[in-house]
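Subject: Structure handover and what was found in it

Dear colleague,

Please find below the structure I promised to pass on to you. My notes on it follow directly after.

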Amino acid sequence: MISATVRSWNDPEGLGVLDSEETPGGCWVHWSHIDHTGYRRLHEGQTVLLEYEKASQDGYPYCAVRVIVPGQSPARR
């Protein structure tokens, strides 16, 4: 997993974009990729841990596979 920063998050739509050195151009993320229990959302500027794949999604060259929010217990082990 790598460290990434939330560039943007659209709460009503449940999607956003993450930035890291490993994902130039941005990494698209959907709420279903966030691995913790309860309501899943991100906040602009927040640091997260990211697993991603190279895939074109809404104009971004990468797509999140799994996002872990530090301080939250992952639902998957």
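Strands here are DSSP runs of E with at least two residues, helices are DSSP runs of H or I with at least four residues, and both are numbered from the N terminus. This is a predicted model, in which local features need pLDDT of at least 70 and side-chain atom pairs count only at pLDDT 80 or more, while totals for chains, interfaces and linings use all residues. Residues are numbered from 1 along each chain as its sequence is written, and side-chain values use heavy atoms, with hydrogens and water left out.

Overall architecture

The chain has five strands and zero helices, and along the sequence these give the pattern β-β-β-β-β. The radius of gyration (taken over C-alpha atoms) is 11 Å, close to the 11 Å that the globule rule (2.2 Å times the number of residues to the power 0.38) gives for 77 residues, so the chain is as compact as a globular protein of that length. Along the principal axes, the C-alpha atoms fill a box of roughly 30 × 25 × 20 Å. Of the 77 residues, 38% are buried, where buried means under 20% relative accessible area, exposed means over 50%, and partly exposed lies in between (1.4 Å probe, protein chains only). If contact is taken as heavy atoms within 4.5 Å, then 52% of the contacts between residues at least 6 apart in sequence join residues at least 24 apart.

How the strands pair

Two strands are said to pair if DSSP finds at least two bridges between them. Strand β3 (residues 27-30) pairs with strand β5 (residues 60-68) in the parallel sense, over two bridges, and tryptophan 28 has cysteine 63 in β5 as its bridge partner. Strands β4 and β5 run antiparallel and are joined by seven bridges. The hairpin that β4 and β5 form has two residues between the strands, and aspartate 58 takes a positive phi near 50 degrees there.

Salt bridges

Side chains of opposite charge can pair when their charged atoms come close. With a salt bridge defined as a side-chain nitrogen of Lys or Arg within 4 Å of a carboxyl oxygen of Asp or Glu, the structure holds four. One of them is between aspartate 19 and arginine 7, whose closest N and O atoms are 2.7 Å apart; because aspartate 19 lies in strand β2 (residues 15-19) and arginine 7 in strand β1 (residues 2-10), this pair ties together parts that are twelve residues apart in sequence. Both are partly exposed, aspartate 19 at 28% relative accessibility and arginine 7 at 38%.

Arginine 66 deserves a separate paragraph. The side chain of arginine 66 meets that of aspartate 35 in a salt bridge (2.8 Å, N to O), and since arginine 66 lies in strand β5 while aspartate 35 lies in the loop between β3 and β4, the pair ties together parts that are 31 residues apart in sequence. Both of these residues are buried, arginine 66 with a relative accessible area of 17% and aspartate 35 with one of 2%. Glutamate 51 stands opposite arginine 66 in β5, and the side chains of these two residues also meet in a salt bridge (3.8 Å, N to O). Salt bridges that share partners thus join Asp35, Glu51 and Arg66 into one network, in which glutamate 51 is partly exposed at 30%.

The aromatic pair

Rings of Phe, Tyr and Trp (its six-membered ring) pair if their centres lie within 6.5 Å, and planes under 30 degrees apart count as stacked, over 60 as edge-to-face and the rest as tilted. A search of the whole structure finds one such pair: the rings of tyrosine 52 and tyrosine 62 have their centres 5.5 Å apart and their planes at 85 degrees, so the pair is edge-to-face. Tyrosine 52 belongs to strand β4 and tyrosine 62 to strand β5, ten residues apart. Tyrosine 52 is partly exposed at 31%, whereas tyrosine 62 is buried at 12%.

Two further residues

Histidine 36 lies in the loop between β3 and β4 and is buried, with 7% relative accessibility. Not counting residues up to four places away in sequence, histidine 36 touches Val69, Gln72, Ser73, Pro74 and Ala75. Threonine 47 lies in strand β4 (residues 47-57) and is partly exposed at 43% relative accessibility. Leaving aside neighbours within four places in sequence, threonine 47 is in contact with Ser3, Ala4, Thr5 and Pro70.
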